[in-house]
Amino acid sequence: EWWATEKSKGTAEATAVSQAAEVLRSGEIPVGFPTETVYGLGADATRSAAVQGIYKAKKRPSDNPLIIHVDSLDMLNRVLNPTQTNELAGHATTNSNSKNKIPAIYEPLISRFWPGPLTILLPNPAGSPLAKEVTAGLTTFGVRMPSSAFARLLIHVADRPLAAPSANASTKPSPTTAQHVYEDLKGRIDLILDGGSCGVGVESTVVDGLSDPPAILRPGGIGIEEIKSCPGWEKVKIGYHDSALKSKDAPRAPGMKYRHYSPKAQVVLFEAGSDISSATLRVKADLQAANSTDGAHKTGIVRTRTWPVALGITSDNQSTVSIREISMTPDGDITGISNGADSLAASILDLNLGSSADAIARGLFSALRALDGLNVDVIYVEGIHDEEGDLAAAIMNRLRKASEVAIIV
Ligand code: TXA
Ligand code: MG
């Protein structure tokens, strides 16, 4: 019966979660787990050896602080108020005695966006239970309460705040499926909880309410306009450095300095409003070069709003160029690739992310990874206007970091 299936599925998930929680509580190898933004690589944030395991698995430099994930405000209050044993009864002090409170500036954000893709910075308390590797020597720590029920259940059962960066190998695009995590970290971790594709697709927004005016340090799942509409956040400063990349002296190479979220292929980003024909010319030049050197060349195209299929380029008469379309669901899952000869001198692999910012965010990292899996040499990406607010700024922030060349017209 269906209920028997549902029931055994439920049991399998419960077993997986309790197994993962046990590894988190006592092991030193991090666990891959789903959140609503991207997959995280989690470790008990209170144990140094466990947190060091994250840096080892990701091969990430350890001067970069990690955020912690809590299942409840109660857990966060326990971090802010390290347990002092009551000398009479040996009982932990209760939260009603809390001295360290979450600063009031965060209250409207927390009540509106938690649980959800928003990370806040808090002062790390004296006697903090957090391993020093979490904060990388800073006096503050970043924390969020994920809206993924799977993630919160795991944290709850482990009964520990989890330090978790995105579960990709350092410099690769963030993972939005369990399969992505496996591809990057197989052999380096033992356990990945598979909760399907992530609903948001880009990381959380990081805000700093401890500075005056408050600042957005990383655009992400919660939009800037939404944050600005909260009391105390009207004058929020955009603390990330995208604006520096928008000068007119294009093309430029932001990826050199910030290489991040990058597939193996070279990424060429066309800012929104660039002339479609300049993108088409670039791709045609690639194809011609491939023909003349006789080497198979693969060009990936990631379209969003205005570019036509394969930038209007069609298979040519001499059958030296093939056009293949990669299909993707609105959830950002790759479902297939159309037939076409791969043996030709050049092929275009075309992928349409759709036009809504939600769909673009969900599919972006998956698209970059899929094209990498097909061994494309270069990926041309159609950007969107980041002034739209919401996710658009987060999407463009990631794309500018992934790209080696950005065409700004
Ligand atoms: O959506 C997300 O936030 C994902 C999922 C797994 O929850 N996690 C994530 O973590 O992206 P991570 O470690 O890759 O990114 C955390 C960001 C980094 O940009 C880091 O520099 C910043 O937050 N950060 C963490 N602690 C900080 C602190 N004390 N001060 C300033 N920035 C901090
Ligand atoms: Mg990351």
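**Exercise 1.** Where does UniProt place the feature "binding site"?

*Solution.* Before we start: this is a predicted model, where local features need pLDDT of at least 70, side-chain atom pairs count only at pLDDT 80 or more, and totals for chains, interfaces and linings use all residues. Residues are numbered from 1 along each chain as its sequence is written, while chains are lettered from A and ligands numbered from 1 in the order in which they are written.

Step 1: the unreviewed UniProt entry puts the site at Thr-37, His-69, Arg-144, Ala-164 and Ser-204. UniProt positions use the numbering used here, feature names are shortened, and annotations may be inferred rather than shown by experiment.

Step 2: these residues are spread over 168 residues of sequence, yet they cluster in space, with a largest C-alpha distance of 12.5 Å.

**Exercise 2.** Decide whether Thr-37 is buried or exposed.

*Solution.* Step 1: get the rule. With C-beta atoms placed from the backbone, a residue is buried if 20 or more other C-beta atoms lie within 10 Å of its own, exposed if 12 or fewer, and partly exposed in between.

Step 1: count. Thr-37 has 30 other C-beta atoms within 10 Å, so Thr-37 is buried.

**Exercise 3.** Find residues in contact with His-69.

*Solution.* Step 1: contact means that two C-beta atoms, placed from the backbone, lie within 7 Å.

Step 1: skip neighbours within four places in sequence; the contacts of His-69 then include Gly-40, Arg-144 and Ala-164.
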